[in-house]
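Student: Hi! I'm new to this one, could you walk me through it?

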Amino acid sequence: MSVEQFITDEQLQTKLQVVLQTWPLYRQLNYTGGDQVKVVPQHLSLFCDNCNKDTFWETYIYPGQNNKEGFKEKEYKCRNCGNRTVTYYFYWNKQKNNTTLVFKVGQYPELEERVSDTLKTALSAEDLKVYKNALRMRNFNLGIAAVAYMRRVVENRMSDMLEVLHEAARVHNAPPEVLSRHEEMMKEKRFSVRVDYAGDLLSESLRPKGQPNPMAILHELASDGLHTKTDEECVDIFDACRQTFEFVFGKMRIETEEAKNFVKGMAELAEKRAKAQAKPAP
Ligand SMILES: [Zn+2]
């Protein structure tokens with residue numbers, strides 16, 4: 001297992017949030033440094049099924065509290081509604097070799113397998129089933145299996161993805177030489193070539209500043225290097241692919257559809273006006 005060396009207190013706080021919020025049970029974080037941090041983060045960001053959105057969740061920390069002494073439990077409550085709680089059971093302690101080990105051994109309610117509503121509408125019933133399998137495998141730290149399921153869904157929905165990206169690129173005035181390759185790419189069979197094209201469509205103006213192209217991660221799904229990766233590494237690949245996938249079929253698709261409807265609405269209005277003008281006066 002790899003050890004994260006000399007992390008700062010601040011980095012550790014952030015990492016612990018991620019471990020509690022999203023990591024599968026039994027996935028181990030092994031680190032050195034961050035020695036001042038002995039309590040779990042006071043706040044987490046989680047989806048609340050009562051508020052139906054991501055909210056802040058809070059735990060009570062009493063003065064002098066120490067969570068870093070073996071097996072512990074900790075409860076968080078949704079700060080927005082005060083109506084939902086989640087309890088984590090975890091191990092956190094210094095080891096004989098002077099590294100520190102932390103991992104969850106339980107949580108209730110269980111890690112969610114929720115698929116966003118926008119993504120649900122973008123998937124066929126069959127793909128949704130496969131996607132949920134992928135999520136389930138991921139939540140049990142079976143990253144290799146999760147990535148295999150994920151690849152199936154991405155391959156099945158790649159054409160839809162290219163359509164959404166092409167539309168977004170068109171709306172954002174992408175270079176004509178990129179847009180004109182679309183028809184050829186819709187017929188293309190090679191997965192990696194299509195992923196490259198998806199990356200070209202997602203111009204810098206369409207993605208967060210200073211970030212690498214999020215489409216690049218999809219290459220990992222088909223890469224030969226995948227065979228040498230561990231379950232943990234595959235969980236990370238899966239999470240990144242999931243983000244990209246949800247971004248395209250969530251935010252981006254909604255935006256392009258709104259843009260499309262707007263353009264359509266304007267065209268209809270113009271047509272109506274033209275007709276009204278063409279009519280002879282009574
Ligand atoms: Zn709530």
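Predicted model: local features only at pLDDT ≥ 70, side-chain atom pairs only at ≥ 80, totals over all residues.

Student: Which residues touch the most other members of the largest nonpolar core?

Tutor: Those are Tyr131 and Phe245, in a core of 44 residues.

Student: And which elements give two or more residues to this core?

Tutor: They are the helices H2 (117-122), H3 (125-139), H4 (143-171), H5 (176-179), H7 (191-201) and H9 (231-278). H4 provides the largest share, with 12 residues.

Student: Back to Phe245, what does it touch?

Tutor: Leaving out residues up to four places away in sequence, Phe245 touches Leu119, Leu123, Tyr131, Met150, Val153, Val154, Arg157 and Met161.

Student: What lies apart from that core?

Tutor: Another core does, made of 22 residues, including Leu20, Val37, Trp57 and Val102.

Student: New topic! How do the axes of H3 and H4 cross?

Tutor: They come within 8 Å of each other and cross at roughly 155°. Angles over 145 degrees count as roughly antiparallel, so that is how H3 runs relative to H4.

Student: Is the crossing of H3 and H4 left-handed or right-handed?

Tutor: That crossing is left-handed.

Student: Which residues in H3 and H4 meet there?

Tutor: From H3, the residues are Asp127, Val130, Tyr131, Asn133, Ala134, Met137 and Arg138. They meet Ala145, Ala146, Tyr149, Met150, Arg152, Val153, Asn156 and Arg157 in H4.

Student: How many nonpolar, polar and charged residues does that contact have?

Tutor: The contact of H3 with H4 has 9 nonpolar residues, 2 polar and 4 charged.

Note on methods: Residues numbered from 1 in each chain as written. Heavy atoms only, no water. Core = buried A, V, L, I, M, F, W, Y, C linked by side-chain atoms within 4.5 Å. Buried < 20%, exposed > 50% of the residue type's maximum accessible area, 1.4 Å probe, protein only. Helix = DSSP H or I, 4+ residues; strand = E, 2+ residues; numbered from the N terminus. Contact = heavy atoms within 4.5 Å. Axes fitted to C-alpha atoms, helices over the stretch in contact; angles between N-to-C directions. Parallel < 35°, antiparallel > 145°, perpendicular 65-115°, else oblique. Left-handed = near helix turned anticlockwise from the far one by under 90°. Nonpolar A, V, L, I, M, F, W, Y, C, P; charged D, E, K, R; others polar.
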